Amino acid sequence: WAIGIGAKPDLNNSEFIFCSFTGQTPTPMSYGIDTYHTTLIQRIDGFQDPSICGETYAIGERMLYRRNFLDTVWYPINFTLGNFESLKAREDNKYVYAGGAEGYTFVLLIRSSDNGTNWEHLNPYCSVYDLDFFGQLDHKIIVTDRFKIMSSSDSGVHWSQIFRTDSLTIQNISYSSDGQRIFVVTNTLFYGLPKTYFFVSSDNGNTWETLQLPIYDLVIDMDIDTEDAIYLASISSGVFRLKFPIVAIEDAKKNFPNEYQLHQNYPNPFNPNTVISYQLPVSGLVSLKVYDILGNEVATLVNEYRPAGKYNVEFHSHSGNVRNLSSGVYFYTIKAGSFVETKKMILLR
């Protein structure tokens with residue numbers, strides 16, 4: 001399948017969904033899309049069959065569509081006053097999920113267990129921008145609203161929060177092929193040069209390992225094969241593959257500090273440069289700033305999400321955005337979660 005994201009389905013541009021069967025020439029598959037309620041198709045998923053492209057489902061803003069076996073027309077089968085954002089079909093038991101945001105609670109998650117004929121509403125207590133499920137009875141479900149992950153272990157009856165971030169955007173979530181691990185890919189919340197962080201939990205979300213990936217781009221999709229090879233698609237940097245277990249995550253865990261610390265700069269007194277060291281027992285948003293004796297901010301050394309670990313930052317007293325400082329006493333303050341500490345340093349010209 002190929003989707004022309006952002007291609008409006010009007011008379012001048014009606015073919016914005018295409019399907020290629022076993023690599024043959026793509027065939028237009030846009031017939032039946034409600035152009036009044038749908039100006040783009042966000043996702044497509046479905047079940048295999050011997051006909052071209054199988055039975056398929058698509059979401060486009062307010063509409064959920066179904067394309068039946070041996071048919072070439074899309075039929076609207078569900079309508080929301082909000083927007084659909086996520087869609088996933090499962091071939092082994094014919095479950096189909098569609099999620100998004102609707103109403104004042106922004107909660108929208110519906111499920112069909114009979115190929116899309118009948119639907120039931122679930123309440124994960126959040127909007128649903130991505131989802132995944134595992135288990136022969138479809139009992140393990142995870143959903144995300146970009147900032148938290150809700151989990152259910154009883155087919156969507158009860159839900160609990162297993163992950164939350166205030167400094168990252170959760171892009172995609174997924175179970176491993178055996179259902180024993182949860183994979184999460186995130187981007188930094190403020191997109192200058194986006195950084196990508198990968199999280200793994202092997203105990204249903206009770207604890208998480210983290211790894212910064214060498215991807216400085218927005219990750220827009222993630223998929224996993226049967227051998228737990230993880231594929232990440234970015235907007236402009238290409239497709240990346242990770243193989244679990246990721247050795248770097250395990251190695252990093254051995255060196256995690258067990259408490260917050262801000263160390264005295266070295267050398268001190270200094271001229272013109274000095275190094276400030278700190279450590280984090282958990283990942284989170286970190287701010288490290290330098291102030292003069294009157295409390296005026298003279299430099300921001302760190303202001304971003306950092307994984308747990310030990311760090312060194314060099315402070316230059318007369319380079320970059322730092323004005324040519326005079327001799328005297330200066331202070332540097334770190335803020336990380338609820339941890340705040342300030343130390344004094346002396347610049348001698």
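Tutor: Here is a quick tour of aromatic pairs, cores and one threonine.

Student: What kind of model is it?

Tutor: This is a predicted model: local features need pLDDT of at least 70, side-chain atom pairs count only at pLDDT 80 or more, and totals for chains, interfaces and linings use all residues. Numbering starts from 1 along each chain as its sequence is written, and side-chain values use heavy atoms, leaving out hydrogens and water.

Student: How many aromatic pairs are there?

Tutor: A search of the whole structure gives 8. Rings of Phe, Tyr and Trp (its six-membered ring) pair if their centres lie within 6.5 Å; planes under 30 degrees apart are stacked, over 60 edge-to-face, and the rest tilted.

Student: Why is the pair of Phe163 and Phe199 called edge-to-face?

Tutor: Their ring planes sit at 70°, with centres 5.0 Å apart, so the pair is edge-to-face. Phe163 is in strand E15 (residues 160-164) and Phe199 in strand E18 (residues 196-201), 36 residues apart. Strands are DSSP runs of at least two residues, numbered from the N terminus.

Student: Are those two buried or exposed?

Tutor: Both Phe163 and Phe199 are buried. Buried means under 20% relative accessible area, exposed over 50%, and partly exposed in between, with a 1.4 Å probe and protein chains only.

Student: New topic. Which residues touch the most other members of the largest nonpolar core?

Tutor: Tyr278, Leu288 and Val290 do, in a core of 22 residues. A nonpolar core is a set of buried Ala, Val, Leu, Ile, Met, Phe, Trp, Tyr and Cys residues joined through side-chain atoms within 4.5 Å.

Student: Which element gives the largest share of this core?

Tutor: E28 does, with 4 residues. Another core, of 14 residues, lies apart from it, with Val185 and Phe198 among them.

Student: Last one. Why does Thr188 count as buried?

Tutor: Thr188 has 10% relative accessibility, so Thr188 counts as buried. Thr188 is found in strand E17 (residues 182-188).

Student: What does Thr188 touch?

Tutor: Leaving aside residues up to four places away in sequence, Thr188 touches Ser167, Leu168, Pro194, Lys195 and Tyr197. Contact means heavy atoms within 4.5 Å.
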